[in-house]
Amino acid sequence: METLERYEPLVAEFDAFREACRRPLPSVVRVNTVKATPDRAKRALDEEGVGWTDREWSDTVLELDTDSPGSTWASFHGWINGQEEVSAIPAEVLAPEPGERVWDACAAPGSKTTQLAALMDDEGLVVANDNNLGRLSALRFNTERLGITNTVVTNQDARNFSLKPFDFREFDRTLVDVPCSCEGTVRKNPTTLDDWSLDHIRSVAGVQKGILRRAIQATKPGGTVVYSTCTFAPEENEAVLDHALSEEDCRLVEFDFPLDSRPGVTEWDGEEYDESVRKAKRFYPHHNDTGGFFCAKLEVGE
Amino acid sequence: MSDETPKKTNDGQRFDRLPETADDREVEGRATREEVVEWWDRRFGVPPETFEGYSFWEKGKGKIWILRGEVTSPIRVEALGLTFLRTRQEHWKPTTNAVQRFGREASRNVLELTREQARQFVRGETQAIEWDGDWGYLVVAHELAGDLAPLGVGLYVHDELRSPVPKGRQREL
């Protein structure tokens, strides 16, 4: 937990932040609208005596009063899927439309992939890629259980992803939910900070830059790329955006999101970032009683 | 016969789109789209128009996958949509996940279970059950949240219902 002390200069109400990071997370699921309406999923939970609470900002995100949402009929039928509240943010920000071509560059284990498919009414194409074959089997299990049919799964290094298997050359939208130091998941997994090191952050940031650049290249002019992490480290967030802004033809765009957030930071550890990274959003655990998250929306140059 | 064109065979490492009809078939033993759609209609009464806008693919011998929309054929990727149906055997077998997704449209060979029977079924257990209909693969369902909800495919033979729910999908409910 001492690791997080480095963020004291960034976080007002730092004590509240530290306290929130020590509390366990609420149990949250997303209703899979490919297989059930929110009303039917709620009714199934009612019949089993599992309590639920709506989230104001979404029709499909529910908090449950059980620690094992997987042991419910609604889950067996693929009507609900365990997904942390902030993890549901980037697909909503990407906002894919039915019929579009969407790339999920780091897709496993698939909670965001299946959410993208549901937002598209399971129409169009989601290319769900991951470089880790083991994690791909978890992704496959989830797309199958949730009954998703518009998703193609690939196993490539996203940094030099090739569109060769396909008869199109660019995506309409891309989700770049990169591997990261996962500091923001400390409430779910308290040991996540045990292996923390600045060296790891520096090395994973290099990978993140490569993936984001490839994503911008593979998305059509005027198309949308959403970049997200579950970490607080500016090295993996604003610094990666700053790098993409200087190397690729793209810009950050403002977006609204109905959860409390703070803007991206323009200064960290002696570094300065492009002013526009303020358009990104930082979600802190003590603001919405969630994990920590970072999300930015980019538009590819025309 | 050196002057004979070699017969095309199934390549287990890639996905090939199913031919539309038997006349379009180039790979021996490959099911056609027409046969697949007719099978769901004949066996379960799932209307053929349910599958408009979907394409069907074979990867691995007899394993049929269903994809919303189209991609180029053949294609070498890890997965394409949803595993759907096992062909190239005497009795074609739909997958648990395909029945959960498309079994909602079924009107034939649907076996409705009580909640307790449904629990046994999702535990993967065989149970003695009375059923006057056909033997073979059935859509197994139960009443949930105001409507019948398909649990998966069941195999009914010799007055008992066997549960092919895959290990990873089994639950203690």
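Strands count as paired here if DSSP finds at least two bridges between them, and the elements are DSSP runs numbered from the N terminus (helices H or I, at least four residues; strands E, at least two).

Some housekeeping before moving on: this is a predicted model, where local features need pLDDT of at least 70 and side-chain atom pairs count only at pLDDT 80 or more, while totals for chains, interfaces and linings use all residues. Residues are numbered from 1 along each chain as its sequence is written, chains are lettered from A and ligands numbered from 1 in the order in which they are written, and side-chain values use heavy atoms, leaving out hydrogens and water.

Now select the whole contact (heavy atoms within 4.5 Å): 39 residues come from chain B and 38 from chain A. About 3,100 Å² is buried between the two chains, with carbon and sulfur atoms giving 58% of that; buried area is the accessible area (1.4 Å probe) that two parts lose on being put together, summed over both. Highlight B:Arg68, B:Ala145 and B:Leu173, which supply 20% of the area that chain B buries against chain A, more than any other three residues.

Next, show A:Glu47 and B:Arg115, whose side chains meet in a salt bridge at 3.5 Å, N to O. The rule (a side-chain nitrogen of Lys or Arg within 4 Å of a carboxyl oxygen of Asp or Glu) finds three salt bridges across this interface. On chain B's side, the elements giving two or more residues include α2 (96-102), α3 (115-122) and β9 (136-144). The largest share, five residues, comes from β10(B).

Stay on β10(B) and bring up its sheet: an open one of five strands with mixed pairing, ordered β7-β9-β10-β11-β8 in chain B. Which strands stand at the edges? They are β7 (110-113) and β8 (127-128) of chain B, each with a single partner strand, so one side of each is left without a neighbour in the sheet. Zoom in on β8(B), which pairs with β11(B) (residues 160-162) in the antiparallel sense over two bridges; there, B:Ala128 has B:Glu160 as its bridge partner.

Last stop: α3(B), which packs on this sheet and touches β7, β8, β9, β10 and β11 of chain B. Its direction makes about 60° with that of β10(B), with axes taken as lines fitted to C-alpha atoms, for helices over the stretch in contact, and angles running from 0 to 180 degrees between N-to-C directions.
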